[in-house]
Structure formats: structure tokens, C-alpha cells
Amino acid sequence: MAEPRRAAGPRVAAVAVALGALLLAVAVVPFVRAYADSATHRPATDIGVGLDRSGCDPELTDPVRGAGVHVGPGTAEPHATRIRYDLVPPSSGPHFVVPAPAVRRFYTTRDRPAIEILVHNLEHGYTILWYVEPLVRDQIETLRAVAQKFGDDRYGGRFVVAPWDPAYGEFPAGRPLSLSHWGATAGYRQFCAAVSGAAVERFVLAHPPNDSPEPTGM
């Protein structure tokens, strides 16, 4: 007597679930790509507020120090794990041996590298847009768009948006954003009140990656 045929219901359901997940992934990918492309290709002036509403202070020019000075684990100063920088935020200074990976453009308070790591990125020609997270929570998506836009190769590909650590010092009142760049002969900073693609573009174009102590460093 032949065994009764097992019900195919569970297997059919499993296949249907897997197929549904695959179709959802296929449908979502174009939207993700479209978001990235839209941020990259839209004019900088369309991101955030206009230059006249950015509340940006005049740009500051700083003396520089610390080129090639590595501290922390694996160096002659292994216990120097926290640097007291002269400026807030720093536009130069001693730093850890390894910079943050070049593939990242945006960080949150949950995954932010140490300030000493990001200063190494500055030495390699990066511009960093620092933000004080509690004060710009309503602008996070705009900050992501800025990171996508100015991390593109058309702007040199060396741009990071990262949350500032207030333990290293406070930004001026009403200025929860600051750009910083480590140039070959001077450092540059600019504080702003609101995210402005136009303001960021002006700063980035004035201070390209090749104006830095180690423009070929990764």
C-alpha cells in the first residue's frame, strides 16, 4: 500500500516567502540608488537652506601643527589616547596612526570614529562637516544628502560628515555646525547655523584635497 503523499503546503509557503523577499529587494534597490543619485546630481544650492539663511560666520584661518605626528597605540606615545586640541573643532594637530576608511561619508553618534582618527583624515586633504547632534536632529537627512553630494569624486571625494564630541569643547552658541580643513600652510574653519549645500560648496571649492600636508595619503 502506497504511503500517503505529504502535504506540499509548508514548502509552497516557504517558497512564496522567499520569492516575496526577493521581489521586495529587487523593488527597493532602484529606490536606494535613486536616492543616492538624486543627492549626488542635484545642485548644491538645492540642499538645505540658501547661503543667505545659513547663518555662517566669517571663515577662520588657523596656524597648523602636528603634520606627521602620530600618537596612541603603536607609536612612541602609546598612552596618548586623548588629545587636547588647541581649537574647536581642530583644523590640524597630532592624530592616531590609521585614518577613518575612505568609503564612509556619514557618521552618527553610534558609530563615530575618535576625533583623533578624523584629524588624520584632515591631514590627507579631507574637509569635515562636524555637527552637534542634539541641535540638528531635524536636519539629519539633509546632512546625509550633503555627505553624498560632496563625497562624490567631482569634489575630490574627500569629505566626511561626523558628529562632534562636546567633551572636546563647545561650539559657539547658535552654531551647531562647523567645517574644517587642514591646508598645507594654514587650517580653516567656518561655523554655521543651518545646513546649506551652497555654503559647503563654497568652502570645499576654496579648500580642495590637494591643499593639505599629505594629499596622496589614503
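Reader: Hi! Before we start, what counts as a disulfide here?
Author: A disulfide is a pair of cysteine sulfur atoms within 2.5 Å. One note before the details: this is a predicted model, where local features need pLDDT of at least 70, side-chain atom pairs count only at pLDDT 80 or more, and totals for chains, interfaces and linings use all residues. Residues are numbered from 1 along each chain as its sequence is written, and side-chain values use heavy atoms, with hydrogens and water left out.

Reader: Thanks! How many disulfides come out by that rule?
Author: The count is one disulfide. Cys56 is joined to Cys192, with 2.0 Å from S to S.

Reader: Which hand does the link of Cys56 and Cys192 have?
Author: The link is right-handed, with 100° about the S-S bond.

Reader: And where do Cys56 and Cys192 lie?
Author: Cys56 is in the loop between α1 (9-41) and β1 (60-62), while Cys192 is in strand β5 (residues 187-192), so the pair ties together parts that are 136 residues apart in sequence. Helices (H or I, at least four residues) and strands (E, at least two) are DSSP runs, numbered from the N terminus.

Reader: Is Cys192 buried or exposed?
Author: Cys192 is buried, at 5% relative accessibility. Buried means under 20% relative accessible area, exposed means over 50%, and partly exposed is in between (1.4 Å probe, protein chains only).

Reader: What about Pro43, where does that one lie?
Author: Pro43 lies in the loop between α1 and β1. Pro43 has a relative accessible area of 42%, which makes it partly exposed.

Reader: New topic! How many aromatic pairs does the structure hold?
Author: The structure holds seven. Rings of Phe, Tyr and Trp (its six-membered ring) pair if their centres lie within 6.5 Å; planes under 30 degrees apart count as stacked, over 60 as edge-to-face and the rest as tilted. One of the pairs is Trp130 with Trp164: the centres are 5.3 Å apart and the planes at 85°, so this pair is edge-to-face.

Reader: Are Trp130 and Trp164 buried or exposed?
Author: Both Trp130 and Trp164 are buried. Trp164 also forms an edge-to-face pair with Tyr168, at 6.1 Å centre to centre and 65° between the planes.

Reader: Which residues do ring pairs link into a cluster?
Author: The cluster is made of Trp130, Trp164, Tyr168, Phe171 and Phe191. Tyr168 is buried, at 17% relative accessibility.
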